[in-house]
Every structure is written in structure tokens, then in C-alpha cells.
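Here's a quick briefing to read with the model open in your viewer. Have a look at the fold, then work through the points below.

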Amino acid sequence: MVKKPTEMLEEEHHVIQKIVGVMATLLERLQKGEDMKGATIKDVVEFMRIYGDKCHHGKEETHLFPLLGKRGVPMTGCPVAVLTHEHDKGRALVKQLAEAVAE
């Protein structure tokens with residue numbers, strides 16, 4: 001069965017949510033003072049940059065959002081501008097995490 005593009009994006013959201021859950025667990029361990037391997041956090045950063053941002057967000061920004069605009073969904077305000085803002089915020093957070101790991 002061929003999946004609709006929106007179904008594929010939804011599945012990607014679920015994968016990203018799982019990694020965000022892993023990040024929460026890693027944070028709890030760090031807050032408890034547990035020794036963490038930098039490579040683990042670097043892998044999370046790489047996943048979020050490649051899969052989360054370039055692959056998933058790239059599809060939304062390149063294909064989904066323009067299609068929504070063509071179908072009459074406003075590109076400013078909710079939902080497209082809000083989602084774009086969330087993408088930008090996510091990029092900034094991943095950048096901060098990468099910088100923290102580098103230190």
C-alpha cells in the first residue's frame with residue numbers, strides 16, 4: 001500500500017518524538033550527575049540536524065507549506081508561520097546543544 005505524503009510526515013514526527021524522549025532521559029541522567037558519553041549526545045545532535053531538520057523539516061518547508069499556501073492556507077500566522085517559527089526554534093536549540101557538547 002502506498003502511503004500518502006502526509007502519512008509519511010506523520011510517521012517521521014513519531015520517530016522524532018521518540019528521540020526527543022531519549023533526550024529527556026539523557027537530561028535526567030546528566031542532572032543526576034551521571035557520566036555521559038559525548039558521542040551519545042553528538043549522535044542525537046546529528047540525528048536532529050539530518051533527519052529532523054534537513055529531511056523532515058526540509059520536506060515540510062519545500063513541499064507541504066507551499067502546497068498549503070496554494071490551497072488557501074495563509075502563509076503568515078497560524079499554522080504555517082507558527083510551524084516555521086518552531087522549526088527555527090528547534091534549529092537554535094540543536095545548535096546550542098551542539099555547542100554545549102563541543103565544550
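In which helix is the place of leucine 68? Leucine 68 sits in helix α2, where helices (H or I, at least four residues) and strands (E, at least two) are DSSP runs, numbered from the N terminus.

A word on ground rules before the tour. This is a predicted model, so local features need pLDDT of at least 70 and side-chain atom pairs count only at pLDDT 80 or more, while totals for chains, interfaces and linings use all residues. Residues are numbered from 1 along each chain as its sequence is written, and side-chain values use heavy atoms, with hydrogens and water left out.

**The helices one by one**

- Helix α1 covers residues 5-31, and its 27 residues should span 39 Å at 1.5 Å a residue; the expected span is 1.5 Å times one less than the number of residues. The end C-alpha atoms of α1 are 39 Å apart, which agrees.
- The buried residues of α1 are Leu9, Glu12, Ile16 and Leu26, and they pack against α2 (38-70). Here buried means under 20% relative accessible area, exposed over 50%, and partly exposed in between (1.4 Å probe, protein chains only).
- Helix α3 has 23 residues and reaches 33 Å from its first C-alpha to its last, close to the 33 Å expected at 1.5 Å a residue.
- In α3 the buried residues are Val80, His87, Val94 and Ala98, and these also pack against α2.

**Where α1 meets α2**

- The axes of α1 and α2 come within 11 Å and cross at roughly 150°. Axes are lines fitted to C-alpha atoms, for helices over the stretch in contact, and angles run from 0 to 180 degrees between N-to-C directions.
- α1 and α2 are therefore roughly antiparallel to each other (angles under 35 degrees count as roughly parallel, over 145 as roughly antiparallel, 65 to 115 as roughly perpendicular and the rest as oblique).
- Their crossing is left-handed, meaning that the near helix is turned anticlockwise from the far one by less than a right angle; clockwise would be right-handed.
- On the α1 side, the contact residues include Leu9, Glu12, Val15, Ile16 and Val20, and on the α2 side they include Phe47, Tyr51, Cys55, His56 and Lys59. Contact means heavy atoms within 4.5 Å.
- Sorted by class, this contact has 15 nonpolar, four polar and three charged residues. Ala, Val, Leu, Ile, Met, Phe, Trp, Tyr, Cys and Pro count as nonpolar, Asp, Glu, Lys and Arg as charged, and the others, Gly among them, as polar.

**Where α2 meets α3**

- Helix α3 (residues 80-102) packs on α2 at an angle of about 160°, with the axes 10 Å apart.
- α2 and α3 are therefore roughly antiparallel to each other, and α2 passes α3 in a left-handed crossing.
- Among the residues that meet here are Ile41, Val45, Met48, His57, Phe65 and Leu68 in α2, and Val80, Leu83, His87, Arg91, Val94 and Ala98 in α3.
- The contact of α2 with α3 divides into 11 nonpolar, four polar and seven charged residues.

**Residues to click on**

- Glutamate 12 lies in helix α1 and is buried, with a relative accessible area of 7%. Leaving aside neighbours within four places in sequence, glutamate 12 is in contact with Tyr51, Cys55, His56 and Lys59.
- Valine 15, in helix α1, counts as partly exposed at 33% relative accessibility. Beyond its neighbours within four places in sequence, valine 15 is in contact with Phe47 and Tyr51.
- Valine 20 is found in helix α1 and counts as partly exposed at 41% relative accessibility. Its C-alpha is separated by 11 Å from that of valine 45, 25 residues apart along the chain.
- Leucine 68 counts as partly exposed at 25% relative accessibility. Not counting residues up to four places away in sequence, leucine 68 touches Val73 and Val80.

**The loop between α2 and α3**

- Proline 79 lies in this loop, and the peptide bond from cysteine 78 to proline 79 is cis, with omega near 5°.
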